[in-house]
Amino acid sequence: MTDPLSTPRPATCWVLGADGHPFGVQTLAMGVFSPPGGEPRVGVRVGDHVLDAGAAADLGRQAGLVGDGPDLAAAWLTPSLNAFLALGRPAWSIARRWLTEVLTDEVHRELAEPHLHRLEDVTLHLPVEVADYVDFYAAEHHATNVGRIFRPDSPALPAAWRHLPIGYHGRAGTVVVSGTDVVRPTGQRKGPADPAPVFGPSVRLDIEAELGFVVGGATGLGERVGVDRAGEHLFGVVLLNDWSARDIQAWEYVPLGPFLGKSFATSVSAWVTPLDALVGARVPLPAQDPEPLPYLRGEVSGLDLHLEVSLGDTVVSRPESRELYWSPEQMLAHLTVNGASVRPGDLFGSGTISGPGRDTVGSLLELTWNGTEPVTLADGTTRGFLEDGDVVTMTAWAAGPGGHGRVGLGEVTGRIRPALPSMY
């Protein structure tokens, strides 16, 4: 059995086109798909193909080869990753080694190959049934820019920002898979000079380029997950677009934070890239000053993922995730330090990833400085915020094991549809 994590170069895969592909065996991104005429089930992306993981694992189960290990077939022949996430870190590692062996050893090809589907032939679904959704605010440049725009007469960073990962609870039921259209939200808005609030479609609809972390395993109420135990629960990463209605948000967010300006939709990629695939992308965090309290200390690091944000055919920004001030381990530790439990399928976002340059910010709010400096697209039109019909796509990659090749993250895309007719 060959483990690509322990070798400087990924093992050779027998699936045509997988070697050198961002979704080769060095990645093994997992998701949920339906084959033509079939029911949703767990799949593993291999190049431009999808392996029906449950069907492949079921071959071993039918042959009586499950033994004392986890019943992966039972977990994968389901319409979400939640059952697999519930098995926990030891089972995830076993599954990764097994998948690597099946896809790299020719001896398994005859039985496994009939369970490969071309990516273009399948339908992709939301990979997890999201249990709880939290969104953090972990990029210092983004938090500073937003503070300057929304609170020009106050310090840009809130007093607590450098002491703890600030976040808010989002709406799990409106997390949607990449490719889902987003209806322009309606709500109250009131500009600083307006005499009274008005109701109607948002006129400052925005994007937020983020990483989303998928959590597995469960803890009991009152239990904490410390920084050094966070790896037991952090399964993988998705790209996440936290659609944001800035005008609704600006009017409603004091004092309890975002509500309807955020909760109408959050898009995530269909593929979850395991953190085990991103060992080579670990980098030191930016210097944390002041030193965090003891419960936020430990073996922590950031991720060096290279994001790209496109509006239609125009790349408008390339954020870098190494800019995040807080690590995913610190975010999970803070999320549970009060005794809040975690469940398989929990999802938390990093917050908008922005760097110091205009071409590295993860929102139109920053890119256009609240719409005052519109960006010009390839077709000559300009945007301050999103218009109906706009399509936003985010992609990302990281260096592969030993610096060889790339590890891919699934893209996340969505089109803006007009607001529904007013009933008021």
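Which residues do ring pairs link into a cluster? They are Trp76, Phe84, Trp92, Trp98 and Phe235. Before I continue, please note that this is a predicted model, in which local features need pLDDT of at least 70, side-chain atom pairs count only at pLDDT 80 or more, and totals for chains, interfaces and linings use all residues. Residues are numbered from 1 along each chain as its sequence is written, and side-chain values use heavy atoms, leaving out hydrogens and water.

Let me turn to the aromatic pairs. Rings of Phe, Tyr and Trp (its six-membered ring) pair if their centres lie within 6.5 Å; planes under 30 degrees apart count as stacked, over 60 as edge-to-face and the rest as tilted. This rule gives 9 aromatic pairs. In one of them, the ring centres of Phe136 and Phe348 are 5.7 Å apart and the planes stand at 85 degrees, so the pair is edge-to-face. Phe136 belongs to strand S6 (residues 133-136) and Phe348 to strand S22 (residues 347-349), so the pair ties together parts 212 residues apart in sequence; strands here are DSSP runs of E, at least two residues, numbered from the N terminus. Both Phe136 and Phe348 are buried, meaning under 20% relative accessible area with a 1.4 Å probe, protein chains only.

Tyr325 and Trp326 also form an edge-to-face pair, with 5.1 Å from centre to centre and 75 degrees between the planes. These two residues, Tyr325 and Trp326, are buried.

Finally, I come to charges over rings, where NZ of Lys or CZ of Arg is within 6 Å of the ring centre and within 35 degrees of the ring normal. Arg41 lies over the face of Phe33, 5.9 Å from the ring centre, and Arg406 over that of Trp397, at 3.6 Å.

Technical notes
Helices (H or I, at least four residues) and strands (E, at least two) are DSSP runs, numbered from the N terminus. Buried means under 20% relative accessible area, exposed over 50%, partly exposed in between (1.4 Å probe, protein chains only).
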